[in-house]
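This report describes a protein model with a ligand.

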Amino acid sequence: MKKTVLECRNVSKRIRGKYLIKDVTFHVEKGVICGLLGPNGAGKTTLIRMLTGLIRPTKGDVFIQNQSVGTMRELALKNVGAIVESPIFFPYMTGRDNLRNLARLHGLSKSEISKKVKEVLEIVGLETRADEKVRTYSLGMKQRLGIAQSLLGNPELLILDEPANGLDPMGMRELRELILTLKNRYGKTILISSHLLDELQKICDQILIIREGELVWKGKLDQEKDLEELFIELVSQ
Ligand SMILES: Nc1ncnc2c1ncn2[C@@H]1O[C@H](COP(=O)(O)OP(=O)(O)OP(=O)(O)O)[C@@H](O)[C@H]1O
């Protein structure tokens with residue numbers, strides 16, 4: 001049996017009497033790319049904020065590598081790299097220096113920092129531009145630098161909230177290839193939210209669809225199942 005990397009168990013979030021997320025349960029196995037979909041306001045960001053420990057569920061719990069985010073927060077979140085809001089970098093510093101700065105937070109020695117930063121820059125394909133200032137980077141490059149940042153702690157699970165937002169077709173293709181490499185070569189497990197159904201259809205092994213805070217569909221996609229049709233059918237009910 002495959003190892004479960006992320007488990008969301010009966011998670012609800014209620015604010016001022018209103019459920020933003022209601023009783024959501026699912027799990028994601030190792031090496032799987034899982035797409036999270038839902039119309040605007042469905043609760044995707046709220047759910048992702050609970051998965052990454054930014055807010056607490058009203059009920060239920062999230063487990064990462066079997067560690068509870070509720071009761072063993074630090075240990076559980078060690079295994080997660082996430083881009084929830086747009087990654088923030090110092091624009092007048094180089095990509096490499098931005099990463100070096102962040103790598104210090106992981107308690108590595110100077111030589112370990114250089115090695116780790118070099119490694120993540122190579123993974124995201126930014127090694128040739130690493131010594132240029134971030135303000136000269138395209139949006140796609142900034143997103144890849146954000147992914148490099150989330151890889152610094154060598155997490156098992158990556159959570160990416162709308163990473164393709166605003167990217168041009170080239171940037172989108174590069175991002176898609178990077179996500180597939182992270183899965184295929186590095187064995188990462190990835191949860192990704194997006195409105196871009198075609199993009200998700202191309203890369204996801206598993207799909208979650210939420211509507212008004214509730215999980216209305218979870219499962220695998222096959223060649224015959226068109227994601228756009230499934231999505232429209234479910235959200236217009
Ligand atoms: N702190 C909060 N207090 C009250 N309501 C909130 C709060 N945060 C979010 N909401 C509401 O919860 C619902 C879900 O919001 P959320 O941002 O999670 O949706 P989303 O699926 O990410 O939407 P989008 O696709 O537009 O980004 C929305 O109706 C939003 O207005």
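In this predicted model, the residues around the ligand are Ile15 and Leu20, then Gly38, then Asn40, Gly41, Ala42, Gly43, Lys44, Thr45 and Thr46. Helix H1 (residues 44–51) supplies the largest share of this shell, three residues. By class, the shell around the ligand is made up of six polar, three nonpolar and one charged residues.

The protein is divided into domain 1 (1–79 + 156–237) and domain 2 (87–154). Between the C-alpha centres of domain 1 and domain 2 there are 25 Å. Nine residues from domain 1 and ten residues from domain 2 take part in the contact. On the side of domain 1 that touches domain 2, helix H6 (residues 169–184) gives the most, with four residues. The residues on that side of domain 1 comprise five nonpolar, two polar and two charged.

The class make-up of the two residue sets is tabulated here.

| Residue set | Nonpolar | Polar | Charged |
|---|---|---|---|
| Side of domain 1 that touches domain 2 | five residues | two residues | two residues |

The largest nonpolar core has 59 residues, and Cys34, Ala148, Ile159 and Ile190 are those with the most contacts inside it. This core lies between domain 1 (1–79 + 156–237) and domain 2 (87–154), because both give residues to it. In soluble globular proteins, nonpolar side chains tend to be buried together. Leaving aside residues up to four places away in sequence, Ala148 touches Leu99, Val120, Leu121, Ile123, Val124 and Leu126.

Technical notes
Residues are numbered from 1 along each chain as its sequence is written. This is a predicted model: local features need pLDDT of at least 70, side-chain atom pairs count only at pLDDT 80 or more; totals for chains, interfaces and linings use all residues. Domain bounds come from an automatic or database domain assignment. Two residues are in contact if their C-beta atoms, placed from the backbone, lie within 7 Å. Helices (H or I, at least four residues) and strands (E, at least two) are DSSP runs, numbered from the N terminus. Ala, Val, Leu, Ile, Met, Phe, Trp, Tyr, Cys and Pro count as nonpolar, Asp, Glu, Lys and Arg as charged, and the others, Gly among them, as polar. A residue is near a molecule or strand if its C-beta atom, placed from the backbone, lies within 6 Å of it. A nonpolar core is a set of buried Ala, Val, Leu, Ile, Met, Phe, Trp, Tyr and Cys residues joined through C-beta atoms within 7 Å. A residue is buried if 20 or more other C-beta atoms lie within 10 Å of its own, exposed if 12 or fewer, and partly exposed in between; C-beta atoms are placed from the backbone.
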